[in-house]
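Please keep the sequence and the model in view while reading.

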Amino acid sequence: MDQMSTIPAAIERFVSATNDGDTEAFVAAFTPDAYLNDWGREFHGRDGVRSWSSTDNIGVQSHFDVVSVEQPDSPGTYVVVLRVSGNGYNGTGPLTFVLQDGLIARLIISE
C-alpha cells in the first residue's frame with residue numbers, strides 16, 4: 001500500500017522536504033507557533049523547528065520512509081511510523097503530529 005496516499009499534505013511535505021534537503025519547505029510545513037518535542041528536548045516556533053532540523057534532521061542528511069500512518073480518536077492527530085536513515089539517528093519509530101489549519105502545530109518524537 002502506498003502510505004503517501006493516506007498521509008495528510010502537511011506531513012507529506014514534512015517527509016518530502018526532509019528527503020529533498022529543503023529547509024524552507026520543511027519549516028513552512030509548521031504553524032508559526034509550532035511546538036516540537038524530541039525525546040524531551042523542546043523547540044518553539046518556526047525558528048525552533050529550523051534549529052532542530054539543522055542539528056537533527058536536514059543538517060544530518062536524514063531520509064524518511066513512511067512505514068505506517070494511523071489516526072487515533074483525537075481530531076487532527078496522526079501517528080506516523082518512520083524509518084529514518086542518514087548521518088544522525090538511524091532507526092524506526094513513531095512521531096505524533098497534531099495538525100491545525102493544514103499545518104503541523106505539534107510534533108512529538110518519542111517511543
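Phenylalanine 26 and tryptophan 52 are both buried, where buried stands for a relative accessible area under 20%, exposed for over 50% and partly exposed for values in between (1.4 Å probe, protein chains only). The model is a predicted one, in which local features need pLDDT of at least 70 and side-chain atom pairs count only at pLDDT 80 or more, whereas totals for chains, interfaces and linings use all residues. Residues are numbered from 1 along each chain as its sequence is written, and side-chain values use heavy atoms, with hydrogens and water left out.

The structure holds six aromatic pairs. Rings of Phe, Tyr and Trp (its six-membered ring) pair if their centres lie within 6.5 Å; planes under 30 degrees apart count as stacked, over 60 as edge-to-face and the rest as tilted. The pair of phenylalanine 14 and phenylalanine 30 is edge-to-face, because the planes stand at 65°, with the ring centres 6.2 Å apart. Phenylalanine 14 belongs to helix H1 (residues 9–20) and phenylalanine 30 to strand S1, so this pair ties together parts 16 residues apart in sequence. Helices (H or I, at least four residues) and strands (E, at least two) are DSSP runs, numbered from the N terminus. Phenylalanine 14 and phenylalanine 30 are both buried. Phenylalanine 26 and tryptophan 52, in turn, form a stacked pair, at 6.1 Å centre to centre and 25° between the planes. Here phenylalanine 26 lies in helix H2 and tryptophan 52 in helix H3, 26 residues apart. One aromatic cluster consists of Phe14, Phe26, Phe30, Trp52, Phe64 and Phe97.

Which residues of H3 are buried? They are Gly45, Gly48, Val49, Trp52 and Ser53. Seen down the axis of H3, these residues fall within an arc of 135°, so they line one face of the helix; the arc is that of the directions from the helix axis to the C-beta atoms. They pack against helix H2 (23–28) and strands S1 (30–38), S2 (41–44) and S6 (103–109), with contact taken as heavy atoms within 4.5 Å.

Most residues other than glycine have a negative phi. Tryptophan 39, although not a glycine, has a positive phi of about 55°. Tryptophan 39 is placed in the loop between S1 and S2 and is exposed, with a relative accessible area of 56%. Aspartate 101, likewise not a glycine, has a positive phi of about 50°. Aspartate 101 lies in the loop between strand S5 (91–100) and S6 and counts as exposed at 75% relative accessibility.
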